[in-house]
Amino acid sequence: MSVRELVVLGTASQVPTRHRNHNGYLLRWDGEGILFDPGEGTQRQMLRAGVAAHDIDRICVTHFHGDHSLGLAGVIQRINLDKVPHPVTAHYPRSGQRFFDRLRYATAYRETVQITEAPVAVDGVLADTGGYTLTAHRLSHPVESYGYRLTEPDGRRMLPDRLAAHGIKGPDVGRLQREGRLDGVALEDVSEVRRGQRFAFVMDTRLCDGVYALAEGCDMLVIESTFLDEDVELAEEFGHLTAGQAAGVARDAGVRHLVLTHFSQRYTEPDEFERQARAAGFEGELTVAQDLLRVPVPKRR
């Protein structure tokens, strides 16, 4: 059975707190798992969340600040220790290759798994699996940073009343789907476009074109909201977003489910992030992320 959900492993910015681990997010997308920004402690959080090394098919690092990447060493070694039976692909900014190398080979261990390094240097398509296209867009942060977006191809939804009107049933339905036409009836006559799902992951950044490109039309947007709106000047100075800014992006981009995360340790009232997001005019589904939370991707429209 296909599962599409976000498993939140950590939600803290810069430093962990008593209640928040460094960043870490696993997207389960049907039979694949994509691990985003494994910060320090990710391996332990995986254990607590019921996520195994075998669940990881792809690793996506937005940038090489420690709260987004220090867990790479442990995760990569665990992948090898557990002899994960499939290749794993790692995406990260090419400018941080030296950091990736240091983390990948931080200590001695036995390599048993093929890890393909696929660094990002420009905006564009990183992978096309048939089930989804993975793209990257440059963000605005003091170090080079990229956000990631999954786009599922559009499909078709069969319409039972039209099938019945044409007398098409049983195995003939599958044949029509495969061949596109059956006894003069075109697939378009008895179906409609089923929009593919879209997911975006946006971490440390100021407002920029890349943020909007990633968020456009997403079913789920996972986005940093390090600061509350009253600290917007700090957000701009250090290359981050406020809760209101993140929600404004989601509002303008037509996002269905907004997941706010990456919270500064200075704040102790998570409800205020939700309040400010709603005040910014976002009316869709909203989650203020907590560690070990599981958030289902919205069902197709």
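Directly after helix α1 comes Gly 50, a residue whose phi is positive, near 75°. This and every other detail below comes from a predicted model rather than from an experiment. Helix α1 itself spans residues 42-49, and its buried residues are Thr 42, Gln 45, Met 46 and Ala 49. These four lie on the same side of α1, because they cover an arc of only 105° around the axis.

The face of α1 that is turned away from the buried side carries Arg 44, Leu 47 and Arg 48, which are exposed. The buried residues of α1, in contrast, are covered by elements that include the strands β1 (4-10), β2 (24-29), β3 (32-36) and β18 (294-296), together with the helix α3 (72-81).

## A seven-stranded sheet

In which order do the 7 strands of the open sheet stand? The order is β7-β8-β9-β14-β15-β16-β17, and the pairing is mixed.

Helix α10 lies across β16 and β17, and runs at about 150° to β17.

In soluble globular proteins, nonpolar side chains tend to be buried together. The largest nonpolar core in this model has 30 residues, and those with the most contacts inside it are Leu 221, Ile 223, Val 255, Leu 258, Leu 260 and Phe 273. Two or more residues of this core come from each of the strands β14 (198-202), β15 (220-224), β16 (257-261) and β17 (285-288), and likewise from each of the helices α7 (209-215), α9 (243-253) and α10 (271-279). Helix α9 gives the most to this core, with 6 residues.

## Salt bridges between parts of the chain

How many salt bridges does a search of the whole structure find? The search finds 17, and one of them joins the side chains of Glu 5 and Arg 294, at 2.8 Å from N to O. This pair links distant parts of the chain, since Glu 5 is in strand β1 and Arg 294 is in strand β18, 289 residues apart. Glu 5 is buried, with a relative accessible area of 14%, whereas Arg 294 counts as partly exposed because its relative accessibility is 37%.

Another salt bridge brings together the side chains of Arg 104 and Glu 117, at 2.6 Å from N to O. Arg 104 lies in helix α4 and Glu 117 in strand β6 (residues 115-117), so this pair ties together parts that are 13 residues apart in sequence. The side chains of Glu 152 and Arg 300 also meet in a salt bridge, at 2.7 Å from N to O. Glu 152 lies in the loop between β9 (146-151) and β10 (155-158), while Arg 300 is in the segment after β18, so parts that are 148 residues apart in sequence are tied together. Glu 152 and Arg 300 also belong to a network of salt bridges that links them with Arg 4 and Asp 30.

## Arg 94 in its loop

Where is the place of Arg 94? Arg 94 is in the loop between β5 (88-91) and α4 (97-104), and at 48% relative accessibility Arg 94 counts as partly exposed. Leaving aside its neighbours within four places in sequence, Arg 94 is in contact with Pro 119, Val 120 and Ala 121. Arg 94 and Ser 145 are 51 residues apart in sequence, and in space they are 10.0 Å apart, C-alpha to C-alpha.

Definitions and conventions
Residues numbered from 1 in each chain as written. Predicted model: local features only at pLDDT ≥ 70, side-chain atom pairs only at ≥ 80, totals over all residues. Heavy atoms only, no water. Buried < 20%, exposed > 50% of the residue type's maximum accessible area, 1.4 Å probe, protein only. Arc of directions from axis to C-beta. Contact = heavy atoms within 4.5 Å. Salt bridge = Lys/Arg side-chain N within 4 Å of Asp/Glu carboxyl O. Core = buried A, V, L, I, M, F, W, Y, C linked by side-chain atoms within 4.5 Å. Pairing = 2+ DSSP bridges. Axes fitted to C-alpha atoms, helices over the stretch in contact; angles between N-to-C directions.
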